[in-house]
Amino acid sequence: MKRTACILTALLLALLLIFTSACAGAKSEDAPPKYVFLFIGDGMSLPQLTAYANYMGTVEFDFTGTLAAPTADNQPVPLFPSFTRFPVTGMAATQDASKFITDSASAATAIASGVKALDGTLGVDAFGNPRPSIAELLREQTDYKIGIVSSVSIDHATPAAFYAHMMERVSYYDIALNLVESGFDYFGGGGFKQPHGAAGDMPGILELMADAGYTVADTYEAIAALGANEGKVIAVAPELDNDFGDAALQYAIDISDGGRDLRLADFVRTGIDVLGDETGFFMMVEGGKIDWACHANDAATAIWELAEFEAAVTAALEFYEKYPDETLIIVTGDHETGGLSNGFNLTAYDTQLSVLSNQRISFMKFMSDYIFPWREAQTAFEDAMTDVEALFGLTVLTERELAVLRRAYELSMIPYAERDSRSEEYLTEYSMLAYEPFQLAVTRILANKAGLDWTSTVHTALPVPVFAAGAGAERFAGFYDNTDIFHKLAFLLGLD
């Protein structure tokens with residue numbers, strides 16, 4: 001019986017492969033969606049969505065940027081983002097060409113171009129061959145307009161995978177030159193990490209874009225004035241988070257009440273205005289700072305960034321309501337970051353997620369505005385803890401937590417270049433990346449008190465959810481590889 005079952009299974013698989021191969025080169029007989037939004041939450045998988053939902057079910061969140069007084073903890077009403085209620089849900093595997101754990105460049109290449117790639121490469125397959133992205137194919141074969149939006153620099157891995165072909169994701173200036181050459185109709189959000197090249201001696205990218213016929217909008221007034229008659233446009237946030245050369249939008253948690261800073265949703269709405277509704281368009285939108293917050297094991301900041309991401313999807317839904325039969329919205333992640341767990345031994349079956357509302361600033365601002373000056377002045381640990389209490393609400397600490405914080409503070413007072421960052425302690429407890437041990441210790445302890453925990457400062461091998469609504473959404477149900485997102489889109493859009 002077992003042998004017969006195995007033979008039948010093999011035959012079924014063979015038939016499935018034949019059917020799949022036959023359909024691979026086919027085109028959809030249905031009318032293709034005229035408007036396509038592809039949202040990618042960098043670092044976002046089910047753990048991040050669950051933490052967000054449970055937090056929202058614990059405290060009342062105001063999207064203008066303030067937190068209201070916490071309600072009772074532990075109410076079993078998780079408030080998941082609205083896009084999780086899309087009519088179609090799928091899951092996508094995320095391994096790259098050589099490892100189970102992907103980086104953002106290879107993951108974005110899989111989604112954009114439908115091929116497995118090696119870590120750090122953009123728009124090329126595992127053998128280094130350039131592969132066109134879904135955006136480039138649309139540009140070549142149709143009259144669709146193309147928009148690329150990100151909350152991080154527009155030359156970062158995820159947005160770059162849709163227009164660049166590079167063996168090194170850190171070749172930022174060359175990537176930006178690919179952006180200029182792409183001829184895409186709209187770029188919005190962050191700026192450029194190396195606008196004048198690594199040495200600062202190359203022609204400015206914005207100047208090159210202007211020479212190529214782009215309208216460059218980098219003030220509030222210029223961005224507000226953009227419309228469908230502008231031609232090709234690049235809209236760069238007037239106030240960028242550039243302390244570390246990131247050229248990204250500000251972290252939502254750091255935007256003061258009533259602040260003027262432009263948000264991800266603003267650039268989605270501007271993109272809709274610029275691309276117009278006449279010929280059809282494709283817009284890729286990345287929420288890039290979810291990933292950055294999770295790398296730093298900063299749960300509160302990640303939740304704020306997820307709120308920004310949900311607001312951006314809502315902007316697309318407003319457009320969808322006008323053209324429900326012609327619009328397709330896909331929301332997914334590229335990988336999970338941080339190994340976030342929604343549960344912690346010391347809180348057992350309980351959570352106290354309201355403690356996250358005590359955090360006042362992002363991990364990045366904590367490093368730049370506090371830890372770095374403390375190191376310069378060699379501030380005493382006890383004095384630093386006064387600020388930690390005010391900024392994170394860590395007023396009650398166990399002896400173990402206090403010892404962890406003290407040791408992490410000692411390491412953070414050593415200049416980064418002088419640390420033994422390859423030691424077992426450093427690699428096990430902290431990170432190979434340039435994060436501060438004291439920052440990691442603070443945000444991890446706060447997460448533990450909330451009932452959360454982290455296992456990593458890098459990525460994990462978890463699959464990611466895919467949510468879809470609108471024309472052709474049913475094709476995104478099921479469990480498949482991340483490369484299939486490209487193939488499903490290409491099929492729906494009738495691309496060769």
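Modeller: A salt bridge here is a side-chain nitrogen of Lys or Arg within 4 Å of a carboxyl oxygen of Asp or Glu. This is a predicted model: local features need pLDDT of at least 70, side-chain atom pairs count only at pLDDT 80 or more, and totals for chains, interfaces and linings use all residues. Residues are numbered from 1 along each chain as its sequence is written, and side-chain values use heavy atoms, leaving out hydrogens and water.

Biologist: How many salt bridges does the structure hold?

Modeller: Side chains of opposite charge can pair when their charged atoms come close. One network of salt bridges links D96, K99 and D119. The total for the structure is 17.

Biologist: How far apart are the closest N and O atoms of K116 and D481?

Modeller: K116 sits in the loop between α3 (104-113) and α4 (134-141), and D481 in strand β14 (residues 478-481). Strands are DSSP runs of E, at least two residues; helices are runs of H or I, at least four; both are numbered from the N terminus. The two residues are 365 apart in the chain. Yet their closest N and O atoms are separated by 3.1 Å.

Biologist: Is D481 buried or exposed?

Modeller: Buried means under 20% relative accessible area, exposed over 50%, partly exposed in between (1.4 Å probe, protein chains only). K116, at 21%, is partly exposed. D481 has 16%, so D481 is buried.

Biologist: Which helix holds K449, the partner of E401?

Modeller: E401 and K449 meet in a salt bridge of 3.1 Å, N to O. E401 lies in helix α14 (residues 399-412), whereas K449 belongs to helix α16.
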